[in-house]
Amino acid sequence: MKDLLIINPVYKELIWGGKKLRTFFGFDIPSDKTGECWAISGHKNGDCTILNGIYQGKTLSSVFFSNRNLFNNSSSLDFPLLIKIIDSNKETSVQVHPNDSLAIKSNDLGKTECWYILDAAIDSYIIFGHNALSKSQFEMMINENRWNDLLIKKRVKKGDFIYVPAGTLHAMGAGILVLETQTSSNITYRLYDYDRVDENGLKRTLHLNDAIEACIIPHKEPILDNLVENYQNATIKTFISNNFFTVRKIDISGDFNLAVDTYLLVTILEGTGKILNYSLKKGMSFIIPSTFDNILISGNLTLMISSV
């Protein structure tokens, strides 16, 4: 019998985390410093479990490895995507992720990601890119602590979408809630962390040499697809579609028959509805296996759907 894979998330406490995952989504977070909900993950550092059906209690990675037919017969060694909901109550570190060729030395995959801004405080900003024109200038500005001159700040608001290819210097400012789609990697090189300390008075580790090596210099602005398709009872916006992932937002009002051409990773952003015999609500995440050809979704709701 065809069924969804409903996902039980994993939570991560972080120095910059807050409580918005509870207040915005109603999640049962471990503390008021919860920075990340790994909503759909098969990564070893946060392997989600299945909540329903014949795979109930099994990890997503184990289901992926043993039931490839559910995942378009993927030959990937690891579950390829990771969906997070991130509460940057305070600024995250200024960081960069390596591409595949650099990450391999750490026995990991490169990390390309994208953000959909779910909520943002007034005057919220991200750091996205830098002003250095050469590696030598980049290193000089770091050594001279000229962070205001080096870093590019951009205002963000609810509904913005940001594509962050591997090698892009970036950070989230305070007061931002994000849904992140990324390749399944947990490798981050911190360049700057505002000289802050944890509860033990210790600064977090920086990775200056690795970050400098990984960073794209000069900065390049990525191009988005931003393709909008209108259907009866639904509007689909494709933000980005490339070799790493396809990310779409679907607004549904009524009954909509969604075509399934591969397995789909779904998170409910707003509203309520129904799929199969399941009630849908804000914050719920699940996978529609590739064994479906199409599936009926009913209600008034907004979905974020990612696929490879």
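Strand 12 and its setting

Reply: The protein chain exposes about 14100 Å², of which carbon and sulfur atoms supply 48%; accessible areas come from the Shrake-Rupley method with a 1.4 Å probe, and for residues only the protein chains shown count as cover. This is a predicted model, in which local features need pLDDT of at least 70 and side-chain atom pairs count only at pLDDT 80 or more, while totals for chains, interfaces and linings use all residues. Residues are numbered from 1 along each chain as its sequence is written, and side-chain values use heavy atoms, with hydrogens and water left out.

The C-alpha trace of the protein chain spans about 60 × 40 × 40 Å along its principal axes. Its radius of gyration, taken over C-alpha atoms, is 20 Å, which agrees with the value near 19 Å that a compact globule of 308 residues would have; the globule rule is 2.2 Å times the number of residues to the power 0.38. Of the 308 residues, 53% are buried, where buried means under 20% relative accessible area, exposed means over 50%, and partly exposed lies in between (1.4 Å probe, protein chains only). Contact means heavy atoms within 4.5 Å, and among contacts between residues at least 6 apart in sequence, 71% join residues at least 24 apart.

The protein chain carries 31 positive and 33 negative side chains, and the centres of the two sets lie 2 Å apart. In that count Lys and Arg are positive and Asp and Glu negative, with His and the chain ends not counted; each charge is placed at NZ of Lys, CZ of Arg, CG of Asp or CD of Glu.

Six helices and 20 strands are found in the protein chain. Both are DSSP runs numbered from the N terminus: helices are H or I with at least four residues, and strands are E with at least two.

Which strands pair with strand 12? Two strands pair if DSSP finds at least two bridges between them. Strand 5 (residues 81-88) runs antiparallel to strand 12 and is paired with it over eight bridges. Strand 7 (residues 113-120) is also antiparallel to strand 12, and seven bridges join the two. Leu179 gives a reference point for both pairings: Ile85 stands opposite Leu179, and Tyr116 likewise stands opposite Leu179.

Asn73, in the loop between helix 2 (60-66) and strand 5, has a positive phi near 55 degrees. Most residues other than glycine have a negative phi, and most peptide bonds are trans. Asn73 counts as exposed because its relative accessibility is 58%.

The peptide bond from Ile217 to Pro218 is cis, with omega near -5 degrees, and Pro218 lies in the loop between helix 6 (208-214) and strand 14. Strand 14 (residues 227-231) is then joined to strand 15 (residues 234-241) by five bridges in the antiparallel sense, with Val228 opposite Lys237. Two residues lie between the strands of this hairpin, where Asn233 takes a positive phi near 75 degrees. Asn233 counts as partly exposed because its relative accessibility is 33%.

Finally, Thr302 lies in strand 20 (residues 294-307) and is buried because its relative accessible area is 14%. The C-alpha atoms of Thr302 and Leu269 are separated by 5.4 Å, although the two residues are 33 apart along the chain. Leaving aside neighbours within four places in sequence, Thr302 is in contact with several residues, including Lys249, Asp251, Leu269 and Glu270.
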